[in-house]
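Please look through the sequence and the model before reading the points.

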Amino acid sequence: MKKLMVLALALTATATAACNKDKAKKSEPVKPAPVQPAGDDKPTPPTDKPVTPPAAGPAIPAGTYDIDPGHSALIWRARHFGAGYTYGWFRDFKGSFVADADPAKQTIELTAQIASVDSALPKRDDHLRSPDFFNAEQFPTLTFKSSKVEAAGANLKVTGDLELHGVKKSITVDVTVLGSGVDPMNATRAGYETHLTIKRSDYGMNFMPGGIGDDIDLTIAFEGVKK
Amino acid sequence: MSPTSFQIGMGLHIVGYPALAATVGLVVSRVLPAGSRARAAALVGAAGAGLVTSHVGLAGQPPWPPIDSIGWIPIVTAATAATLMIAALVVPRRAAALVTGALLALATLAAVYYAGRPTFLRSFDRYWALAGLATAGVVAGAGLLTAATDRSVRPAPWVAWIVVAAGLAGCTLWSHSALVAMLLGSAAVTAGVIGVGGAILGVKDIGPAPAGVFMVHVAATASYAHLYAKLPAWVLMTALLAALAPIAVPVAMSGRRRLVAAALGVLIAAGLTGLAAQRMHAKDAASVKDAASMYY
């Protein structure tokens, strides 16, 4: 009986403490994006150290990640004669990124092999690889390399060089931090996604300006496996 | 069914503007004294203007330095035309053939190099084969042009070159580059204006220099198509033989039956180019069938 009373008191104390902690949490300002220190794969609560700008997002364990091509995609779409959209993607899409508590230490590097372009029609893919569009023989890759990463609420604002068709241009994109998890093989995974629009004419791709839209919408979604 | 603004725009860029540019140069040469240095220079300018206009209109004005090596082609063509115009004005007549031949050889070597520069910077092996064949073809074609036209009908080689450029355009279209196909097709337009238009206007003294500018331009474009648009090497070889046929046949026939020599040269050129185009078309038709017939 004495043991039961002690257990009940302990449970009550724990529950009260937990409630108070929740109340305290609600009244606190928004915490920064919780990036864990390197080597710790388990999600941890937000730290008390303020990081500017304040943010609250999914936990991304700090470390270097290799992009898992099987769970990543670089998808594009282009207007076709002012009517519909033509969609496609690059089957060979690789890269790596570094997650860190300090956004300034984060980096993202992506590479797509132009020859792997896939729009579901093999002859159109041949045409896309030709000098009319990507010129895959002369410019075999599309690359992005970040130069500056900033926190933007729960997400990131990433500035970097996008190189396509031999032209390198600095762009800034809002990147959504999707989250992280541990797979059955005990590997830590983290994912990001961004949507952006580029003008193909900015990259020297001028063929059929009246037929194929100049604006190319890109969706870049990548999941990395922590090294 | 009336043509759309898109179709009209394409027509103007492939045919209209280059034809206009070359015609202006041809008309200028027509009013200049026959056999004069100024007329020779104007004819070179006419060829250069037509070819550069079509290229810039279709592929866009290249940045400096060009990023895609296709941008080097109009630059080299313009430089070749400018150099040959100066040569036509200043080089003594007895040295003209030698100087023109030497300049065309250098121009072809440069044109092929710049058209395929990204590839040749990685590996120079393919350069000598491509540039060697192209230079031999250009120098032989331009060098023997006068001898051939003296032994056949004057515009015959130009008619054959129209067919060769148009056939190469078809082959390139079936290797899936509409842009390079249009560039070759519009080069045929310039050949038509200079060769056939010149005959109509009575400009009889079209020498090897305008032909050389045309051949340098087509050699560079065809080399580019081979390197970056998967145009097979056998198509290039066939086109080279076809382009030389209207030169070789009259020279070989030594001036006998000029009309037959001219017709035979054109027919061989058309036959060879037609066979290449037919084979490319068949290869494309036999490849993977796409769900949509019109995928562009």
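The points below are grouped by topic.

This is a predicted model, in which local features need pLDDT of at least 70 and side-chain atom pairs count only at pLDDT 80 or more, while totals for chains, interfaces and linings use all residues. Residues are numbered from 1 along each chain as its sequence is written, and chains are lettered from A and ligands numbered from 1 in the order in which they are written.

**Chain A: overall**

- Chain A has two helices and 13 strands; helices (H or I, at least four residues) and strands (E, at least two) are DSSP runs, numbered from the N terminus.
- Of the 227 residues in chain A, 32% are buried. A residue is buried if 20 or more other C-beta atoms lie within 10 Å of its own, exposed if 12 or fewer, and partly exposed in between, with C-beta atoms placed from the backbone.
- Taking contacts in chain A between residues at least 6 apart in sequence, 56% join residues at least 24 apart. Two residues are in contact if their C-beta atoms, placed from the backbone, lie within 7 Å.

**Chain A: helix α2**

- Helix α2 (residues 122-129) of chain A is largely enclosed by the rest of the structure, because six of its eight residues are buried.
- The buried residues are A:Arg124, A:Asp125, A:Asp126, A:His127, A:Leu128 and A:Arg129, and what covers them includes β8 (117-118) of chain A.

- Strand β9 (residues 141-152) runs antiparallel to β7 (residues 107-113), with five bridges joining them; strands pair if DSSP finds at least two bridges between them. A:Thr111 stands opposite A:Thr143 of β9(A).
- β9(A) is also joined by nine bridges to β10 (residues 155-164), again antiparallel, and here A:Lys145 stands opposite A:Asp161.
- The hairpin of β9(A) and β10(A) has two residues between the strands, and A:Gly153 there takes a positive phi near 65 degrees.

**Contact between the chains**

- In chain B, 22 residues are in contact with 19 residues of chain A.
- On the chain B side, the elements giving two or more residues are α1 (5-31), α9 (178-201) and α10 (208-228); α9(B) has the largest share, three residues.
- That side divides into 15 nonpolar, five polar and two charged residues. Ala, Val, Leu, Ile, Met, Phe, Trp, Tyr, Cys and Pro count as nonpolar, Asp, Glu, Lys and Arg as charged, and the others, Gly among them, as polar.

- B:Thr190, in helix α9 of chain B, is buried, with 33 other C-beta atoms within 10 Å.
- The C-alpha atoms of B:Thr190 and B:Gly50 are separated by 5.4 Å, although the two are 140 residues apart along the chain.
- A kink of about 45 degrees lies at B:Ala245 in α11(B), shortly before the proline B:Pro246; the bend at a residue is the angle between axes fitted to the seven residues ending there and the seven starting there.

**Backbone exceptions**

- Most residues other than glycine have a negative phi, and most peptide bonds are trans.
- A:Asn186 has a positive phi of about 70 degrees and counts as exposed, with 7 C-beta neighbours inside 10 Å.
- B:His176 has a positive phi of about 75 degrees and is buried, with 22 other C-beta atoms within 10 Å.
- A cis peptide bond, with omega about -10 degrees, joins B:Trp64 and B:Pro65; B:Pro65 is in the loop between α2 (37-59) and α3 (72-90) of chain B.
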